[in-house]
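Here is a protein model to look at.

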Amino acid sequence: MPERIVVIGAGPVGIRFAEELLPLVASGRATVAVLGAETAHPYNRVLIAELAVGEVSADELTLATAAGIPGIDLRLGARAVRIDREAQLVELADGSAVDYDRLVLATGARPIIPTLDGLETLGPDATGLDTSLTAGVCVLRDLTDAEQVRAVVERGGRVVVLGAGVLGIELAMLLADAGAVPSVAHFGPMPMPRQLDRGSASILSTALASAGVTLVPHTRAEGVIGVEGDDGIRRFRALASADGKRIEGDLLVLSCGVRARTELAEAAGLRVGNGVLVDASLRSWSDPLIHAIGDCAHIADPAEFLHERQVPGGAAGLVGPGWRQASWLAAAIAAELSGGADDDESTSGFADEHPGVVVLKGELVDIASAGDVSADPFAPTPVGEDAPGIAVWADPEHGTYVKMATRDGILTGFVAVGMPRAAAELSVLYLRGGELPADRSLLLRLDDPDADTVAPAGRDATLCICNAVTVGQVEDAVDDGCTSVAAVGDCTRAGTGCGGCRARITELLHARAEAVA
């Protein structure tokens with residue numbers, strides 16, 4: 001009998017897992033059913049902001065169709081409402097049920113909705129997973145939200161973004177570039193506080209202001225002001241803060257973070273922390289027949305934390321780690337069903353060899369950040385502690401900034417603003433755990449207009465962090481006839497994740513074209 005594998009969640013991670021299982025399905029060793037609550041074809045939610053401003057089409061976001069993953073039972077509009085662990089089945093909203101031998105949770109994360117006076121919750125949305133809000137307020141997580149934003153962008157309207165994290169700032173940049181009028185309200189003194197230090201945040205703030213993005217720092221949002229139209233529908237008009245500020249707009253986008261979707265798991269009695277708690281084999285602490293991957297998975301060692309009330313850690317919040325978990329788990333299951341698990345490297349457990357590098361996408365400014373960049377190079381070092389090595393370059397007049405943190409010469413964190421080639425090289429060194437050159441200024445010279453377009457890390461350097469695609473693989477794809485970013489993505493998957501490497505792919509395409517000419 002083939003192994004019955006059921007996946008709850010048809011987002012990027014769930015679909016990638018199903019794709020990796022295609023050989024297993026073709027050989028008859030497993031059947032795979034993917035349950036998606038939305039009725040649209042599975043799409044790349046990471047690029048939803050680009051869809052909202054018209055930079056990409058809905059077709060470009062599509063991840064899979066039933067015809068594209070032959071043998072996979074892709075069920076759309078199939079919302080799971082209950083997991084019966086004893087009977088090994090998943091109950092759906094329409095009253096039907098799906099039996100499983102192995103269940104994989106890829107339910108992702110839900111947006112955090114802040115408590116604001118006047119913000120109405122109007123009942124479940126079309127998927128039944130989230131809540132509809134006051135007209136003119138959205139979270140930009142699905143296709144319906146993208147349509148709301150697109151309507152405002154097309155008429156050059158005003159958009160208020162609440163939250164200055166990566167997604168909020170990225171959206172504001174896209175909105176400004178598309179002709180809308182964005183304002184970003186945030187609680188703290190600077191944008192992207194988890195990724196930037198004061199210097200890089202200052203450079204970013206200046207770039208945003210020059211592009212027409214209004215930052216409203218120190219904003220403690222308290223309420224939503226709405227106006228009832230002739231149709232009797234109350235619509236957003238302004239965001240009100242505790243100190244009396246009133247930020248007016250035609251649309252409010254809430255970008256206040258996300259929380260793992262664990263409701264199904266909790267109701268089924270699975271242990272959860274900041275996600276469904278799984279061990280290094282991505283298997284639930286509570287049930288060996290259930291796995292979790294992506295933004296709903298919280299990987300932790302049960303031997304160490306089983307009896308702890310609060311388990312440290314959580315999901316990375318990036319698509320790349322989720323995809324790597326999907327590929328690893330598919331390989332581990334295939335090895336197990338083939339009877340070769342004892343000889344397979346996957347038995348040692350999942351270990352992400354690509355620590356997170358955050359790349360801000362946008363035409364206005366290039367930003368890349370990883371690790372801890374908070375250290376002040378001039379701060380006194382407490383007795384008994386070793387201070388990290390800090391190197392800083394700042395040119396505010398030209399909007400460039402680089403900060404590098406090292407331990408024994410090894411790069412442990414960096415932030416680069418307005419220096420895309422230096423950022424690319426630092427990303428490679430960070431991912432490899434590499435040592436910085438003794439002369440740090442060599443990295444700064446990479447962004448000299450007369451410098452070679454290809455960074456010196458070589459063909460083995462990781463270009464697409466999300467999909468772990470190297471420079472060499474992209475070059476080979478170009479040599480094989482790929483003439484566009486989309487074609488390279490179809491061939492190698494590079495650029496199909498967060499999109500942060502698309503400019504680098506374009507650069508390589510131009511370099512190869514010039515070499516041929």
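Q: Why is Glu435 called exposed?
A: The model is predicted, and in it Glu435 has 54% relative accessibility. Exposed means over 50%, so Glu435 counts as exposed.

Q: Where does Glu435 lie, and what does Glu435 gather with on the surface?
A: Glu435 lies in the loop between helix H11 (420-432) and helix H12 (441-444). On the surface, Glu435 gathers with Glu385, Asp386 and Asp408 in a patch of negative charge.

Q: How do you know that the span of H11 agrees with what it should be?
A: At 1.5 Å a residue, the 13 residues of H11 should span 18 Å. The end C-alpha atoms of H11 are 18 Å apart, so the two agree.

Q: Why is H11 described as largely enclosed by the rest of the structure?
A: Buried means under 20% relative accessible area. Ten of the 13 residues of H11 are buried, so H11 is largely enclosed. Among them are Arg421, Glu425, Leu426, Tyr430 and Leu431.

Q: Why is Ala416 called buried?
A: Ala416, in strand S27 (residues 410-417), has a relative accessible area of 0%. The cut-off for buried is under 20%, so Ala416 is buried.

Terms used:
Residues numbered from 1 in each chain as written. Predicted model: local features only at pLDDT ≥ 70, side-chain atom pairs only at ≥ 80, totals over all residues. Heavy atoms only, no water. Patch = residues over 30% accessible without salt bridge, like charges linked within 9 Å, V, L, I, M, F, W, Y side chains within 5 Å. Areas by Shrake-Rupley, 256 points an atom, 1.4 Å probe, with all protein chains shown as cover. Salt bridge = Lys/Arg side-chain N within 4 Å of Asp/Glu carboxyl O. Lys, Arg positive; Asp, Glu negative; His and termini not counted. Charge placed at Lys NZ, Arg CZ, Asp CG, Glu CD. Helix = DSSP H or I, 4+ residues; strand = E, 2+ residues; numbered from the N terminus. Buried < 20%, exposed > 50% of the residue type's maximum accessible area, 1.4 Å probe, protein only. Expected span 1.5 Å × (residues − 1).
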